[in-house]
Amino acid sequence: MTGTGPLELLGIDHLLTDDERDIQAGVRDFVDRRVRPHIADWYERGDLDLALMREAGSFGLLGMHLTGYGCAGTNAVSYGLACLELEAGDSGVRSMVSVQGSLAMYAIWKFGREDQKEAWLPRMAVGEAIGCFGLTEPDFGSNPAGMRTRAKPDGDGWLLNGTKTWITNGSVADIAVVWAQTDDGIKGFLVPARTEGFTSRTIHHKLSLRASVTAELILQDVRLPADAVLGEVTGLRGPLSCLNEARFGIVFGALGAARDCLETAIAYAGTREVFDRPLAAYQLTQAKLADMTLELQKGFLLALHLGRLKDDHRLEPRQVSLGKLNNVREALAIARECRTILGASGITTEYPVLRHANNLESVLTYEGTSEVHQLVIGQALTGENAFS
Ligand SMILES: Cc1cc2nc3c(=O)[nH]c(=O)nc-3n(C[C@H](O)[C@H](O)[C@H](O)COP(=O)(O)OP(=O)(O)OC[C@H]3O[C@@H](n4cnc5c(N)ncnc54)[C@H](O)[C@@H]3O)c2cc1C
């Protein structure tokens with residue numbers, strides 16, 4: 001007999017290995033202890049307890065699917081399941097871990113020299129050093145090829161000028177991976193936050209992803225040594241392959257937010273009485289719950305399929321686009337529908353549903369908007385490039 005939770009009815013759990021189930025349960029417990037009791041407060045304050053980064057590091061969550069340099073070296077499915085549980089707590093917490101591991105650490109791990117890896121990865125894996133990933137600019141989000149940040153040769157090194165915006169962890173980072181145009185094409189640079197000419201400004205007044213640090217990075221005549229460049233890659237292939245890693249985490253992660261909303265709505269509907277009967281006893285409510293559970297489980301099967309492909313080294317970027325497009329879109333629809341079940345109570349921070357829905361608006365936009373992923377899939381289907 002399978003369980004009756006919204007992710008249990010199909011018994012998909014049986015498709016996971018014991019190790020994967022153990023990792024998922026461990027992260028769920030971590031989130032129950034360290035995130036759930038505080039998240040409403042962090043969200044209202046527009047803040048995140050940065051001690052969480054070190055704790056996530058001690059737990060092996062930072063760069064967990066990378067090998068060597070103190071990283072846990074788990075398979076991709078385990079990493080996905082960890083993202084799911086973290087995002088069941090809050091998308092901001094999952095973002096903190098994703099940006100550290102899949103964007104900043106992955107860029108260094110994949111494209112850095114040995115000395116760069118030794119200098120940064122072990123400290124980042126334990127959360128002692130925080131990383132950020134600067135690609136987006138005020139005038140170039142979906143089209144990063146147009147970026148204006150420029151790195152010019154300067155004596156033995158480089159001179160960087162430009163502005164990056166919407167950068168997660170930007171104003172708390174010790175090290176920024178900054179992508180810039182050079183005479184040879186786009187290259188990545190490691191910019192320690194204490195470098196002269198590098199400043200950051202936290203972006204306030206967000207209505208989404210409030211329990212996450214988002215910032216602008218300003219680079220004004222930043223002088224870097226020759227060895228600051230990530231030498232193993234030139235062109236957009238560099239940042240896009242990092243984004244692909246983070247998008248994979250989102251394919252699983254968004255489902256965590258949706259599951260948390262559904263579990264909340266089912267519990268609420270069971271105790272809330274309307275017209276003298278529990279809300280859960282009405283057909284309209286049950287139809288909503290059944291349809292949402294269907295989408296959640298379909299999304300999980302999709303995520304798991306992509307995870308198995310990734311572990312088999314066969315996952316293609318356009319397949320990740322399919323997963324991100326579907327799972328974030330469905331998670332957002334589920335969060336909004338759950339909010340209707342909670343009525344007025346659903347708009348407060350006492351329940352997680354509107355917080356998740358608001359967060360998922362950012363998740364829909366970052367790491368490639370839904371429209372960008374539709375264009376990727378459209379191009380794969382038709383051979384026509386409709387981006388420009
Ligand atoms: C909370 C948060 C955290 C973030 N963290 C990071 C980070 O850590 N690092 C980083 O580099 N960036 C980060 N971003 C930036 C994010 O990646 C960009 O916001 C995203 O790429 C979209 O860019 P944009 O906001 O400039 O929108 P735009 O590119 O201006 O797009 C606006 C609209 O136009 C649509 N559109 C764009 N091109 C086309 C087209 N060809 N055809 C049809 N429609 C199109 C888009 O889909 C969107 O609906 C973050 C964003 C948020 C909100």
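**Reading contacts, strands, helices and charge pairs**

A: Leaving aside neighbours within four places in sequence, Ala 151 is in contact with Trp 158, Leu 159, Leu 160, Ala 180, Gln 181, Thr 182 and Phe 189. Please bear in mind throughout that this is a predicted model.

Q: In which strand does Ala 151 lie, and is Ala 151 buried or exposed?

A: Ala 151 belongs to strand E2, residues 150-154. Ala 151 is classed as buried because its relative accessible area is 1%, the cut-off for that class being under 20%.

Q: What covers the faces of a strand is a related matter. Which residues of strand E1 are buried on each side?

A: In E1, residues 131-134, Gly 131 and Phe 133 are buried on one side, and Cys 132 and Gly 134 are buried on the other, so that both faces are covered, as burial here means under 20% relative accessible area. E1 pairs with strand E4, residues 175-182, in the parallel sense, and four bridges join the two. Within this pairing, Phe 133 has Val 177 of E4 as its bridge partner.

Q: How many residues does helix H10 have, and what span does H10 reach?

A: H10 comprises 13 residues, 353-365, and its first and last C-alpha atoms are 19 Å apart, close to the 18 Å expected at 1.5 Å a residue. The buried residues of H10 are Val 353, Arg 355, His 356, Ala 357, Asn 359, Leu 360, Ser 362 and Val 363. Their cover includes helices H2 (39-45), H4 (76-89), H5 (91-111), H7 (237-271) and H9 (317-341). Just after H10, Glu 367 adopts a positive phi of about 60°.

Q: Arg 355 is among the buried residues of H10. With which residue does Arg 355 form a salt bridge?

A: Side chains of opposite charge can pair when their charged atoms come close. Here the partner of Arg 355 is Asp 90, with 2.6 Å between the closest N and O atoms. Because Arg 355 lies in helix H10 and Asp 90 in the loop between H4 and H5, the pair ties together parts that are 265 residues apart in sequence. Both Arg 355 and Asp 90 are buried. The structure holds 27 salt bridges.

Q: Which residues form a nonpolar patch on the surface?

A: Leu 10, Leu 15 and Leu 301 form such a patch, with about 280 Å² of accessible area together. Leu 10 lies in the segment before helix H1, 18-34, and Leu 10 counts as exposed because its relative accessibility is 55%.

Technical notes:
Residues numbered from 1 in each chain as written. Predicted model: local features only at pLDDT ≥ 70, side-chain atom pairs only at ≥ 80, totals over all residues. Heavy atoms only, no water. Patch = residues over 30% accessible without salt bridge, like charges linked within 9 Å, V, L, I, M, F, W, Y side chains within 5 Å. Areas by Shrake-Rupley, 256 points an atom, 1.4 Å probe, with all protein chains shown as cover. Salt bridge = Lys/Arg side-chain N within 4 Å of Asp/Glu carboxyl O. Buried < 20%, exposed > 50% of the residue type's maximum accessible area, 1.4 Å probe, protein only. Expected span 1.5 Å × (residues − 1). Contact = heavy atoms within 4.5 Å. Pairing = 2+ DSSP bridges.
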